[in-house]
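Please look over the sequence and the structure shown here. A short report comes after them.

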Amino acid sequence: MSFAAPRVVRDTPRNDGAAYGTMARVIETVRWGILAPGQIARAFAADLRHVPGAEVGAVASRDPSRAAAFASEFGGRAHASYDALVADSEVDVVYVASPHPLHLEQARSALEAGKPVLVEKPITLTRAGAQELVDLARERGVFLMEAMWMACHPLIRELQAGLRDGRWGTPRQVHADLGFIADRREHERLFDPALGASALLDMGIYPVTFAHLMLGAGERWTAVADVTDSGYDLDIAIAGRHVGGGLSALTASTTSQSPRSATIATTEGLIDIPANAHHPAYAVFTDRDGVPHRIDPPTPVLGRGLGNEAVEVQRCLAEGLLESPLVPHEQSLHLMGVLDDLRAQVGVRVTGG
């Protein structure tokens with residue numbers, strides 16, 4: 001399977017008779033603009049090296065020295081302001097990699113400039129903020145996608161497809177977890193409410209999304225959490241009931257080294273992801289007779305898996321799509337509503353969109 005993806009420039013004729021985008025022209029390379037060169041941006045740029053037809057075109061930081069250092073390592077031009085990045089005519093798509101409280105403002109700026117946008121998860125702080133971005137993207141006719149790389153991972157997609165086909169029975173229960181011991185020196189943002197400190201927003205969004213992908217939309221949720229005096233959650237445990245009767249039990253932590261595993265209990269056996277369930281190497285299905293069957297990704301994982309997310313964006317741009325079928329707008333909106341509900345239950349409040 002080829003992962004090559006062409007760059008797309010809109011508003012120019014396309015003469016290949018493609019079903020999408022009579023107003024698109026295919027060019028060879030997609031030039032990514034990286035907005036905010038933090039830890040996740042570095043991981044994303046490293047994975048772009050594994051993506052045919054992709055390169056870092058530019059990077060922006062309020063600290064010019066950080067932008068220059070990032071550009072020196074990964075390529076592209078260095079901008080000293082975010083406005084300069086979104087105005088750069090040589091940038092084809094903007095990746096918003098800043099802390100969550102800044103997503104709404106910065107993604108809005110890129111969309112208003114007519115740039116396709118991939119914005120880190122969670123897409124915003126609230127469903128209302130996410131709805132604002134989705135409405136703007138649809139109004140302007142510009143591509144928008146939440147950077148939920150797990151949903152683009154080949155093994156996660158294989159598990160979804162197999163469950164839909166009944167290959168391993170009907171899924172009935174999901175257990176999923178993500179947590180680690182946050183070191184203040186390395187993860188200062190996780191201790192600052194103004195920058196979106198929250199086990200739920202940073203880690204919990206993965207188990208919640210995993211349950212959604214495997215069981216379908218949740219219709220009822222209950223949560224308990226350890227909340228600091230500053231008003232953000234350090235650890236959270238969640239129970240969900242999904243449409244059709246499936247149940248999920250999910251946890252997230254910034255204080256403990258958790259298993260980071262997941263299981264899917266079905267009517268025919270158990271699917272186990274033993275480690276790193278948000279970007280797994282493999283899974284094992286053990287049938288009712290106790291016989292294990294290894295499940296591997298059917299297509300290559302590009303880098304750590306962030307490369308597969310970039311491939312999906314580039315595929316959508318090449319086909320003239322305004323949203324990804326793997327991370328559709330309605331999924332992002334629904335899950336942001338779930339996070340709003342869970343935060344309200346445990347007494348965590350956020351300021352802004």
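This report covers the sheet and then the salt bridges.

## About the model

This is a predicted model: local features need pLDDT of at least 70, side-chain atom pairs count only at pLDDT 80 or more, and totals for chains, interfaces and linings use all residues. Residues are numbered from 1 along each chain as its sequence is written, and side-chain values use heavy atoms, with hydrogens and water left out.

## The sheet

Six strands build an open sheet. Their order is β5-β4-β3-β6-β7-β8, and the pairing is parallel. Strands here are DSSP runs of E with at least two residues, helices are runs of H or I with at least four residues, and both are numbered from the N terminus. Two strands pair if DSSP finds at least two bridges between them.

At the edges stand β5 (77-79) and β8 (144-147). Each has a single partner strand, so one side of each is left without a neighbour in the sheet. On average, neighbouring strands of this sheet are turned by 25° against each other, direction ignored. The axes are lines fitted to C-alpha atoms, for helices over the stretch in contact, and angles run from 0 to 180 degrees between N-to-C directions.

W32 has V56 as its bridge partner in β4.

## Salt bridges

Side chains of opposite charge can pair when their charged atoms come close. A salt bridge is a side-chain nitrogen of Lys or Arg within 4 Å of a carboxyl oxygen of Asp or Glu. By this rule the count is 16. R31, E90 and D92 are linked in a network of salt bridges.

## Three pairs

D88 and R77 meet through their side chains at 2.9 Å, N to O. D88 lies in the loop between α3 (82-87) and β6 (93-96), and R77 lies in strand β5, so the pair ties together parts that are eleven residues apart in sequence. Is D88 buried or exposed? D88 is buried, at 9% relative accessibility. Buried means under 20% relative accessible area, exposed over 50%, and partly exposed in between (1.4 Å probe, protein chains only). R77 is partly exposed, at 35%.

R108 forms a salt bridge with E132, and their closest N and O atoms are 2.8 Å apart. R108 is in helix α4 (residues 103-112) and E132 in helix α5 (residues 127-140), 24 residues apart. R108 is partly exposed at 25%, and E132 is partly exposed at 35%.

R315 and E319 form a salt bridge at 3.1 Å, N to O. R315 is partly exposed at 28%. E319 is partly exposed at 28%.
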